[in-house]
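Q: Could we go through this structure together, one piece at a time? I'd like to start with a single residue and then move on to other topics.

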Amino acid sequence: MTDIKATLLAQHIETPSWAFGNSGTRFKVFAQKGVPRDPYEKLADAAQVHAYTGIAPTVALHIPWDKVDDYADLARHARELGVGIGAINSNVFQDDDYMLGSVTHPSGRVRRKATDHLLECVDIMDATGSDTLKLWFSDGINYPGQDDIRARQDRLAESLAEVYDRLGEGQRFLLEYKLFEPAFYTTDVPDWGTAYAHCVKLGPKAQVVVDTGHHAPGVNIEFIVAFLLREGKLGGFDFNSRFYADDDLMVGAADPFQLFRIMYEVVRGGGLDAGTGVAFMLDQCHNIEPKIPGQIRSVMNVQEATAKALLVDREALAAAQAEGDVLGANAVFMDAYNTDVRPLLAELREERGLAPDPMAAYAKSGYFEKIAAERVGGQQAGWGA
Ligand code: LRH
Ligand code: MN
């Protein structure tokens with residue numbers, strides 16, 4: 001049990017700055033009381049998640065949503081709050097110039113503009129001490145014939161190569177794939193295979209990020225995780241959950257068993273081993289639920305799935321698998337999943353001086369009442385879409 005506890009104590013979940021801002025769908029973005037007005041306030045809210053869970057010490061930024069005059073000062077502010085700056089997320093999906101694509105756009109001027117933004121994000125990594133750039137491209141086409149599918153891959157590869165060469169010592173980028181939306185015919189990085197192929201060509205500083213909401217219904221995500229880990233190309237996760245498409249709901253909320261199966265392949269593949277560098281990031285939108293408790297609950301969902309995955313009796317499983325004992329092997333797997341790990345995690349929190357129930361402790365803290373009273377006026381943060 002001590003190893004399991006040690007692994008759980010070393011767990012590191014990264015929260016997304018944009019989860020603390022207003023978000024929604026094309027139908028409505030609902031505003032909530034106490035929402036941050038700037039990246040400094042977003043970091044303060046993220047620090048609350050770390051304060052109560054103990055395992056959320058970094059915050060991913062999204063540029064320009066988190067644009068500030070002095071990124072080094074923002075990083076200093078984060079340190080003062082007891083958190084660090086995690087992945088820097090580029091945004092080449094919200095500018096009018098990118099209607100027909102960004103780095104894959106037919107126009108060289110637009111491709112140049114998009115690539116320059118990606119390079120600016122590396123400058124921000126230098127200024128904040130971040131070692132990870134996360135690249136998601138909304139690029140794609142809506143109608144057959146609209147553009148040349150192969151030529152767009154050439155353009156993508158050219159831009160990725162330029163950004164790859166700009167990466168400094170200890171820096172990497174994670175390429176994110178997504179089946180569709182906002183493009184509805186082809187997306188230029190639609191699946192893990194396309195992302196993997198580009199990353200293999202580029203080199204060791206390029207890895208794949210698995211956003212759990214970006215697959216076709218029925219896709220076995222844990223197989224992709226096992227494969228990418230085996231290849232040393234799993235850079236990280238954008239955790240969330242969904243019932244239908246890219247719903248960006250709380251991770252583990254829609255399908256806790258899937259999250260357990262994913263975390264089992266992470267454990268089995270050494271993804272939690274020190275130095276493996278797999279980034280466990282949340283990428284969610286709390287459209288109707290309170291944001292800080294939503295993040296705390298999400299971190300706890302990953303922690304619970306991880307604890308269950310660590311409880312799989314690997315020896316018994318390997319023995320049953322070797323004997324072809326189908327039901328026996330499945331039973332070993334399900335025993336771990338059906339184990340209530342909440343007492344273990346409550347004990348772990350108390351052992352490190354935290355409240356056993358982070359949700360209750362945060363609710364009692366009065367922090368929400370404080371920010372709801374203080375954060376009046378100004379422009380609430382949001383996607384600005
Ligand atoms: C795209 C995505 C990507 C982010 C955005 C906030 O759907 O998953 O990771 O840039 O959401
Ligand atoms: Mn994502």
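Q: Where does L174 sit?
A: This is a predicted model, and in it L174 is placed in strand β6.

Q: Buried or exposed, that L174?
A: L174 is buried, since its relative accessible area is 0%, which falls under the 20% cut-off for that word.

Q: And which residues does L174 touch?
A: Setting aside residues up to four places away in sequence, L174 touches T132, L133, K134 and L135, then Q207 and V209, and also G235, G236 and M281. For V209, which is 35 residues from L174 along the chain, the C-alpha atoms of the two are separated by 5.6 Å.

Q: OK, switching to the metal: which residues coordinate the manganese ion (ligand 2)?
A: The manganese ion (ligand 2) is coordinated at 2.1 Å by E176 through OE, and by D211, D238 and D283 through OD.

Q: How are those donor residues spaced in sequence?
A: The donor residues of the manganese ion (ligand 2) follow the spacing E-x34-D-x26-D-x44-D. E176 belongs to strand β6 (residues 172-176) and D211 to strand β8 (residues 206-211), so this pair ties together parts that are 35 residues apart in sequence.

Q: What geometry does the site have?
A: The site of the manganese ion (ligand 2) is octahedral, with six donor atoms and angles among them of 73 to 170 degrees. For comparison, the ideal angles for six octahedral donors are 90 or 180 degrees.

Q: Are E176 and D211 buried or exposed?
A: E176 counts as buried because its relative accessibility is 2%, and D211 counts as buried as well, at 0%.

Q: New topic, the second largest pocket: what is its volume, and which residues lie nearest its centre?
A: The second largest pocket has a volume of about 480 Å³. Its lining is made up of 27 residues, and those nearest the centre are H12, G277, V278, A279 and F280.

Q: Which elements give two or more residues to that lining?
A: Those elements are β1 (13-16), β3 (84-89) and β10 (279-282).

Q: And what is the lining like by class?
A: The lining of the second largest pocket has ten nonpolar, 13 polar and four charged residues.

Q: Last one: where is T104 found, and which residues is it in contact with?
A: T104 is in the loop between β3 and α4 (108-128), and T104 is buried, with a relative accessible area of 1%. Leaving out neighbours within four places in sequence, T104 is in contact with R111, D139, D147, R152, R155, L156 and D188.

Definitions and conventions. Residues are numbered from 1 along each chain as its sequence is written. Chains are lettered from A and ligands numbered from 1 in the order in which they are written. This is a predicted model: local features need pLDDT of at least 70, side-chain atom pairs count only at pLDDT 80 or more; totals for chains, interfaces and linings use all residues. Side-chain values use heavy atoms; hydrogens and water are left out. Donors are N, O and S atoms within 2.8 Å of the metal (3.2 Å for Na, K and Ca); water is not among the atoms, so sites may look incomplete. Four donors count as tetrahedral if all angles lie between 85 and 135 degrees; four count as square planar and six as octahedral if opposite donors are over 155 degrees apart and all others between 65 and 115; anything else is irregular. Helices (H or I, at least four residues) and strands (E, at least two) are DSSP runs, numbered from the N terminus. Buried means under 20% relative accessible area, exposed over 50%, partly exposed in between (1.4 Å probe, protein chains only). On a 1 Å grid over the protein atoms alone, a cavity is a set of points where a 1.4 Å probe fits but cannot get out, and a pocket is an open set with protein on both sides within 12 Å along at least five of seven lines; lining residues have an atom within 4 Å of a point. Grid points are joined across faces, edges and corners, and a volume is the space filled by probe spheres set on the points. Ala, Val, Leu, Ile, Met, Phe, Trp, Tyr, Cys and Pro count as nonpolar, Asp, Glu, Lys and Arg as charged, and the others, Gly among them, as polar. Contact means heavy atoms within 4.5 Å.
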